[in-house]
Amino acid sequence: MIPMNLPEIQSALRDERLDGWLFFDHHVRDALAYRILGIPLDSHVTRRWYYFIPASGEPRGLVHRIEPSILNGLPGALQKYSGWNTQLDGLRAILGSAKRIAMQYSPNCAIPYVSMVDAGTIELIRSLGIDVATSANLIQFFEARWSPTQFETHLEAGRRVDAIRHEAFDLIGARLSIGINEYEVQQFIMRRFTEEGMITDHGPIVGANANASNPHYSPQPEGSSPIHAGDSVLIDMWAKLNEPDAVYYDITWDGYCGKTPPDRLRNVFEVVRDARDKAIDRVQQAVSAGESLEGWQVDDAARHYIRECGFEEYFVHRLGHSIGTEVHGTGANMDNLETHDERRIIPSTCFSIEPGVYLPEFGIRSEVNVFIGDGEARVTGEMQRSLVLIH
């Protein structure tokens, strides 16, 4: 585990105008707390512990008497409790004069990725006269930013994934006349991931025609749809290098089995592609100008265009998600549908932009990854400009 960076945490707390950050856990429910504080995730924890980092001064911890070593190695004094009353007294002592603190909490569970503390514990802290604020921006700052090495793992994963994507569409074309189904394509991609030194948390989506209208479709060994001439095909694939701290690359491309796509298929693809590009432009212009930009605003840039084109009811998910060591990371999501994500887009973070239109007969999604650098935002891999013609 990476040691906690106390000066950086306290500087961020002052920037957020918070009196401190209270970490709490029971039975290793909040992996975020363990990663940020540098506590091993395989720790044996059966009792509640608390660790308070004030905006200035020494941190303070509260641990149970039968598990007093869980916070060993962290700076600051530790108090011990065993009974309910001593726990409450200990909380008052470690929180001191703090009035407004951060916890892993999200109002109305708007951002479930950071909503780790149970409602009863929030009520307990509030009963002490303390205002509990969300730690969402802090979590993003300490969890979602990539190191230069992680960025390089992303670029290399992108090169490998893009090459395998080419191979997958070529495989479909080579097998059209003799027969191939969605599951066979999915398993080909999985084998190629392994051969190229990559791992993933779940098999890729390979959906033909109406199956592509299910954004989380997964072909199965039995009942997978065959792919024929005249079919549309969506491939959504994500993977990372099989290395410590590597980060994901996540894309979606669309193809048509034939030389001349139907006008409706081509039109919907162009709407989705142009909505994607409008969102990318919104990000790039804001970052270049030094403008503060929040996740919901990026979603709006694409969603408004899809609405103007008459397909709003068929765009049923957020525009994009944070990307990290897990494919759905803990940074800002591009979302003004499922939630109203007001987290700022900050440097050294990456997210997907993936608008989709899902009609009864077929679905189209176009997904790229955008990395925020120093004064610039860049798409990190190939961008689809037209349907892949598979023949």
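Me: Where does Arg 343 lie?

Reply: Good place to start! This is a predicted model, and in it Arg 343 lies in the loop between strand S11 (322-323) and strand S12 (350-353).

Me: Is Arg 343 buried or exposed?

Reply: Arg 343 counts as buried, because its relative accessibility is 2% and the cut-off for buried is under 20%.

Me: What does the side chain of Arg 343 reach?

Reply: The side chain of Arg 343 reaches the backbone oxygen of Thr 330 at 3.1 Å. It also makes a polar contact with the side chain of Asp 341, at 2.8 Å. Leaving out residues up to four places away in sequence, Arg 343 touches several others, including Ile 111, Gln 140, Leu 293 and Asn 333.

Me: Thanks! New topic: how many residues does helix H7 have?

Reply: Helix H7 has 14 residues, 182-195. From first C-alpha to last, H7 reaches 20 Å, close to the 20 Å expected at 1.5 Å a residue.

Me: And which residues of H7 are buried?

Reply: The buried residues in H7 are Glu 182, Val 185, Gln 186, Phe 188, Ile 189, Arg 192 and Phe 193. They are on the same side of H7, because they cover an arc of only 160° around the axis. In general, an α-helix has 3.6 residues a turn, so residues three or four places apart point the same way.

Me: What's on the face of H7 turned away from the buried side?

Reply: That face carries the exposed residues Thr 194 and Glu 195.

Me: What covers the buried residues of H7, then?

Reply: The cover includes helix H6 (148-175), along with strands S7 (198-199), S8 (205-208) and S9 (232-241).

Me: How do H6 and H7 pack?

Reply: Their axes are 10 Å apart, at an angle of about 145°, and the crossing is right-handed. Among the residues making the contact are Ile 164, Leu 171 and Arg 175 of H6, and Val 185, Phe 188 and Arg 192 of H7.

Me: What about the ends of H7? Which residue caps the N-terminal end?

Reply: Asn 181 does, with a side-chain oxygen 3.1 Å from the backbone nitrogen of Tyr 183. After H7 comes Gly 197, whose phi is positive, near 75°.

Me: Last one: how do H1 and H5 cross?

Reply: Helix H1 (residues 6-15) and helix H5 (residues 136-144) cross at roughly 150°, and their axes come within 11 Å. This crossing is right-handed. Glu 8, Ile 9, Ala 12 and Leu 13 of H1 make the contact with Leu 138, Phe 141 and Phe 142 of H5.

Methods
Residues are numbered from 1 along each chain as its sequence is written. This is a predicted model: local features need pLDDT of at least 70, side-chain atom pairs count only at pLDDT 80 or more; totals for chains, interfaces and linings use all residues. Side-chain values use heavy atoms; hydrogens and water are left out. Helices (H or I, at least four residues) and strands (E, at least two) are DSSP runs, numbered from the N terminus. The expected span of a helix is 1.5 Å times one less than its number of residues. Buried means under 20% relative accessible area, exposed over 50%, partly exposed in between (1.4 Å probe, protein chains only). The arc is that of the directions from the helix axis to the C-beta atoms. Contact means heavy atoms within 4.5 Å. A polar contact is a pair of N or O atoms within 3.5 Å; within protein, one must be able to donate a hydrogen and the other to accept it, and residues adjacent in sequence count only if both atoms are side-chain atoms. Axes are lines fitted to C-alpha atoms, for helices over the stretch in contact, and angles run from 0 to 180 degrees between N-to-C directions. A crossing is left-handed if the near helix is turned anticlockwise from the far one by less than a right angle, and right-handed if clockwise.
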